[in-house]
Amino acid sequence: MDPMIVMDGVGKWYGAFHALKNINLSVAKGEKVVLCGPSGSGKSTLIRCINHLEAIAEGRITVDGIRLGKSASIDSIRREVGMVFQSFNLFPHMTVLSNCMLAPMKVRGLKAKDAEEIARTYLERVRIADQADKYPAQLSGGQQQRVAIARALCMNPKVLLFDEPTSALDPEMVKEVLDTMISLAGEGRTMVCVTHEMGFARAVADRVIFMASGEIVEEAAPAEFFTHPRSERTRTFLGQILGH
């Protein structure tokens with residue numbers, strides 16, 4: 001199967017700080033990959049490089065056969081890659097419905113009527129259709145994050161990227177967002193998710209990747225990753241996060 005995402009020898013610096021070190025990663029079409037690791041390990045930087053929210057210093061990134069580089073390729077890749085952020089990033093002055101209609105109209109050139117139909121379909125999909133005419137500030141964090149997921153889906157992306165989508169939520173709101181993501185995972189979409197929610201990783205991931213100090217330390221299927229971690233750093237991390 002052709003890979004959807006290929007990262008080949010990717011390096012990234014912030015000044016003197018070496019944030020990503022020789023990252024080699026291939027994600028197949030329809031594969032669900034979870035990135036985990038301690039804070040500052042490079043997980044969010046890696047995921048933000050896939051759609052050029054962060055520019056790489058060395059190496060190559062290819063998404064669906066398009067090499068990320070010139071502005072034209074960046075634009076074409078961003079049309080096919082949906083991103084769900086930690087802090088929702090909804091436009092506060094626009095209703096839920098308008099937030100979801102904006103990109104299909106501006107980027108895909110859809111008429112308002114068609115964009116609205118798509119937006120309402122995906123708001124229904126994430127079980128929040130009844131909030132369409134409200135503004136983000138009128139919603140809970142969990143509801144806002146589900147709107148953000150619907151907004152990403154409205155572009156019908158080939159890839160969905162999630163950057164710690166539950167870390168800004170109160171504990172009681174985490175489940176509603178994870179349930180939405182688990183449901184999406186069953187649709188065969190390519191998903192790369194940075195998260196500390198190990199229950200989600202067990203339930204959904206085809207592969208779990210552990211990062212530390214800007215490097216991929218270990219990767220395996222969930223059953224192997226959680227029961228037989230090979231690296232001492234992985235074992236330490238799992239011990240801290242799982243409490244054993």
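The chain has nine helices and 10 strands, where helices (H or I, at least four residues) and strands (E, at least two) are DSSP runs numbered from the N terminus. This is a predicted model, in which local features need pLDDT of at least 70 and side-chain atom pairs count only at pLDDT 80 or more, while totals for chains, interfaces and linings use all residues. Residues are numbered from 1 along each chain as its sequence is written, and side-chain values use heavy atoms, with hydrogens and water left out.

Biologist: What radius of gyration does the chain have?

Modeller: The C-alpha trace spans about 55 × 45 × 35 Å along its principal axes. For 244 residues, a compact globule would have a radius of gyration near 18 Å, and the value for the chain agrees with this, being 18 Å. That radius is taken over C-alpha atoms, and the globule rule is 2.2 Å times the number of residues to the power 0.38, so the value asked for is 18 Å.

Biologist: What percentage of the residues of the chain count as buried?

Modeller: A residue is buried under 20% relative accessible area, exposed over 50% and partly exposed in between (1.4 Å probe, protein chains only). By that rule, the share of the 244 residues that count as buried is 51%.

Biologist: Which residues is M181 in contact with, leaving aside its neighbours within four places in sequence?

Modeller: Contact means heavy atoms within 4.5 Å. With those neighbours left aside, the residues in contact with M181 are I149, F162, P165, M191, C193 and F200.

Biologist: Why is strand 9 largely enclosed by the rest of the structure?

Modeller: In a regular strand the side chains alternate between the two faces of the sheet. On one side of strand 9 R207, I209 and M211 are buried, and on the other V208, F210 and A212 are buried, so that both faces are covered. Strand 9 is largely enclosed because, of its six residues (207–212), the number buried is six.

Biologist: Which residue is the bridge partner of L35 in strand 9?

Modeller: Two strands pair if DSSP finds at least two bridges between them. Strand 3 (residues 32–36) pairs with strand 9 in the parallel sense over four bridges, whereas strand 9 and strand 10 (residues 215–220) pair in the antiparallel sense over five bridges. In strand 9, the partner of L35 is I209.

Biologist: Which parts does the aromatic pair of F210 and F237 tie together?

Modeller: Rings of Phe, Tyr and Trp (its six-membered ring) pair if their centres lie within 6.5 Å, and planes under 30 degrees apart count as stacked, over 60 as edge-to-face and the rest as tilted. F210 and F237 form a tilted pair, with 5.2 Å centre to centre and 40° between the planes. F210 is buried at a relative accessible area of 1%, and F237 is buried at 6%. The pair ties together parts that are 27 residues apart in sequence, namely strand 9 and helix 9.
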